[in-house]
There are 2 protein chains.
Amino acid sequence: MTNAGGHRVTRVEVASGAGAYPVLIGRGLLQGVPSLLSEFAPAFRYVVVSDAHVANLYGEGLVERCRDARLHADLFTFPRGESSKTRKHWSILTDQLLDAGVGRDAVVVAVGGGVTGDLAGFVASTFLRGIPVVQVPTSLVAMIDASVGGKTGVDVRAGKNLVGSFHPPKVVIADPDTTTTLETGERAQGLVEAIKHGAILDEAYFEGLRTEAAPLLAGDPDATRATVLRSVEIKAGVVAQDEHEGGLRQILNFGHTLGHAVEAASGYELGHGSAVAAGMVLEAELGESLGITATGTGERLAEAVALLGVGGPVRVPGGAERVLSYLGTDKKSRRGRPRFVLLNRVGSVQDNGGWSREVPASEVVRLVTDRVEDAGN
Amino acid sequence: MTNAGGHRVTRVEVASGAGAYPVLIGRGLLQGVPSLLSEFAPAFRYVVVSDAHVANLYGEGLVERCRDARLHADLFTFPRGESSKTRKHWSILTDQLLDAGVGRDAVVVAVGGGVTGDLAGFVASTFLRGIPVVQVPTSLVAMIDASVGGKTGVDVRAGKNLVGSFHPPKVVIADPDTTTTLETGERAQGLVEAIKHGAILDEAYFEGLRTEAAPLLAGDPDATRATVLRSVEIKAGVVAQDEHEGGLRQILNFGHTLGHAVEAASGYELGHGSAVAAGMVLEAELGESLGITATGTGERLAEAVALLGVGGPVRVPGGAERVLSYLGTDKKSRRGRPRFVLLNRVGSVQDNGGWSREVPASEVVRLVTDRVEDAGN
């Protein structure tokens with residue numbers, strides 16, 4: 001199918017226990033949101049949630065178009081940034097919806113990046129015990145990763161995403177043209193998750209991302225569209241088999257065990273993509289030192305993320321010690337011990353009767369001590 | 001089957017989208033919790049949550065027995081009372097679990113009344129995006145109603161239970177002997193929900209509760225056991241057909257639209273049962289004045305709740321005006337208007353193509369103005 005702008009719209013179905021939902025990917029799709037809402041998420045009322053920055057860029061216009069289409073729509077905003085992904089802002093948004101008389105016959109429309117999708121999704125998931133959510137990702141990381149799969153949540157003192165829920169959207173509407181308003185650095189953050197998709201399941205895709213790094217970083221719309229599509233296909237394939245991360249879905253956590261620890265240790269100053277980039281390289285090296293991952297894999301990953309400008313030495317305040325302290329509270333832990341997804345090689349994850357595993361603590365300590373530098377405060 | 005004390009244990013299955021779960025009802029069952037946990041909710045670690053009062057009565061002993069059975073179990077407590085059913089205490093409990101290193105391989109065991117089940121259930125539902133919960137109700141209202149059906153949540157400024165989730169338990173373990181430590185007034189609060197079950201679906205049960213009111217209020221264990229069983233059967237039958245309250249489950253809200261408004265208007269000073277008792281009488285009268293409910297139904301309900309000592313005039317600070325203001329934010333509202341479940345007669349709910357309906361606002365205003373008195377402050 002094509003949209004009003006004559007661009008191709010591709011539909012990827014994501015299986016879910018709560019019913020399958022489509023991810024629609026197409027340039028210019030943002031213009032058609034009102035009719036897509038009516039088709040995929042009919043409601044008495046729409047609650048559009050954006051951060052203040054995206055509200056200005058896309059949220060206000062989207063609400064206008066909804067009203068032009070005679071939909072009851074209102075905009076709710078919160079301050080931009082990961083520091084808003086908290087129980088406090090979840091409470092504030094929830095109370096604002098209640099004060100506005102929003103009822104169970106409403107749908108939340110999350111317009112923005114990963115923070116918005118997670119925060120607004122968690123609001124929807126717990127509002128009157130759950131109302132539907134539609135994800136309209138406008139950042140590359142949200143399109144490539146966060147908006148698909150139903151994870152919602154907030155960060156707490158002990159770590160990132162430790163409070164939340166699974167709340168699959170009714171539909172995901174991804175318009176790659178919205179990524180043109182991103183900074184190059186923001187695009188790079190998103191492309192790290194694409195690199196991850198290649199690293200775990202598709203070597204050709206991994207290599208293609210290296211070749212296409214320049215146009216992707218520059219925001220070329222067709223290259224972006226193709227990348228979003230392939231990443232969504234990969235993620236949808238995984239999530240369809242294991243929605244709640246009891247099994248296969250764990251492979252999507254490659255790079256994230258150490259990545260989250262690095263991100264938390266940085267006080268969330270480090271972008272999620274940069275932290276995962278560091279985490280992937282570290283976890284590849286960990287696999288190599290254990291004789292599981294093919295020699296040189298860490299280096300290939302390091303080169304790939306360097307092409308995106310997010311590689312280089314890992315430096316956080318407090319250094320290795322602080323990173324190790326955050327590993328203990330990782331939500332992927334079992335029996336109090338962190339678990340790791342290890343690669344066989346680029347494009348293939350080790351399956352040792354499960355998709356994640358403990359590794360000897362001494363190896364983790366050695367690696368982290370060796371590779372993580374103290375950035376001071 | 002029988003338990004170690006030689007008492008009969010009855011099992012009622014509750015169908016759920018997340019998998020069926022059993023409600024086990026038997027005198028003395030609390031002694032067998034460790035083996036029941038191992039059987040129905042195997043885990044690396046058990047997080048027992050009670051209010052400070054129930055912790056003392058049952059929580060500490062239960063943790064001891066778990067440890068004797070070589071289960072890893074810890075007790076987490078919060079201050080007694082509905083005023084603890086808040087996002088604040090949900091946050092505090094969540095952080096305590098995180099600080100204690102609780103992981104995804106843990107199960108929350110909610111030991112206590114309705115507040116504990118709702119609060120601990122919501123903690124479990126959002127902890128690391130959801131870990132299992134086992135409900136061990138020790139109050140009559142929790143056994144008869146709150147522990148079955150998967151609803152969890154907290155109260156917020158705008159009203160009761162407005163934030164929460166559906167999170168069905170792995171198993172419900174109901175030991176009627178725990179109700180012997182309740183005050184008569186607490187038993188009465190619970191029996192109101194049993195009256196409701198009779199009022200909507202089973203006239204013979206309704207009449208039986210009137211006949212048995214005295215032994216039930218006195219805490220007769222066998223009468224209590226029989227009542228818990230029948231109420232659980234009724235509730236399980238409804239929830240099996242409609243877990244998420246899109247249809248039939250709405251009938252369980254009989255008495256609750258005005259009941260919640262009365263409860264909120266009282267600043268939660270009025271017990272939930274007393275508020276629902278008032279709500280049932282008011283909603284029966286509403287149905288009568290609309291020509292839907294058989295004449296005299298309100299009076300029958302008023303007599304039944306009077307036998308429990310929770311009847312009489314409705315008095316709240318601010319009176320009718322304050323009750324009406326809370327109706328607007330009821331979570332059962334659609335298009336901003338509150339909805340009501342109306343009886344045909346005792347034992348039968350009106351089905352007018354749906355199980356709840358709007359009624360003319362003027363009728364509600366008239367009835368509430370007529371029946372609700374201002375208690376001052």
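**Chain interface and helix packing in the predicted model**

Between them, chain B and chain A bury about 3,200 Å², 53% of which lies on carbon and sulfur atoms, buried area being the accessible area (1.4 Å probe) that two parts lose on being put together, summed over both. The structure is a predicted model, in which local features need pLDDT of at least 70 and side-chain atom pairs count only at pLDDT 80 or more, while totals for chains, interfaces and linings use all residues. Residues are numbered from 1 along each chain as its sequence is written, chains are lettered from A in the order in which they are written, and side-chain values use heavy atoms, with hydrogens and water left out.

The contact (heavy atoms within 4.5 Å) takes 35 residues from chain B and 35 residues from chain A. Twelve residue pairs, both members at pLDDT 80 or more, are in polar contact between chain B and chain A; a polar contact is a pair of N or O atoms within 3.5 Å, where, within protein, one must be able to donate a hydrogen and the other to accept it, and residues adjacent in sequence count only if both atoms are side-chain atoms. On the side of chain B that touches chain A, the elements that give two or more residues are helix 3 (87-99), helix 4 (114-126), strand 7 (151-156) and strand 8 (159-166) of chain B, and helix 3 of chain B gives the most, with seven residues. Helices (H or I, at least four residues) and strands (E, at least two) are DSSP runs, numbered from the N terminus. The residues of this side of chain B comprise eleven nonpolar, twelve polar and twelve charged, where Ala, Val, Leu, Ile, Met, Phe, Trp, Tyr, Cys and Pro count as nonpolar, Asp, Glu, Lys and Arg as charged, and the others, Gly among them, as polar.

The side chains of A:D99 and B:R157 meet in a salt bridge, at 3.0 Å from N to O. Within chain B, a salt bridge joins the side chains of B:E186 and B:R80 at 3.3 Å, N to O; this pair links distant parts of the chain, with B:E186 in helix 6 (residues 184-201) and B:R80 in the loop between strand 4 (73-78) and helix 3, 106 residues apart.

In chain A, helix 6 (residues 184-201) packs with helix 11 (residues 272-289) at an angle of about 35°, their axes 7 Å apart; axes are lines fitted to C-alpha atoms, for helices over the stretch in contact, and angles run from 0 to 180 degrees between N-to-C directions.

How values were computed:
Salt bridge = Lys/Arg side-chain N within 4 Å of Asp/Glu carboxyl O.
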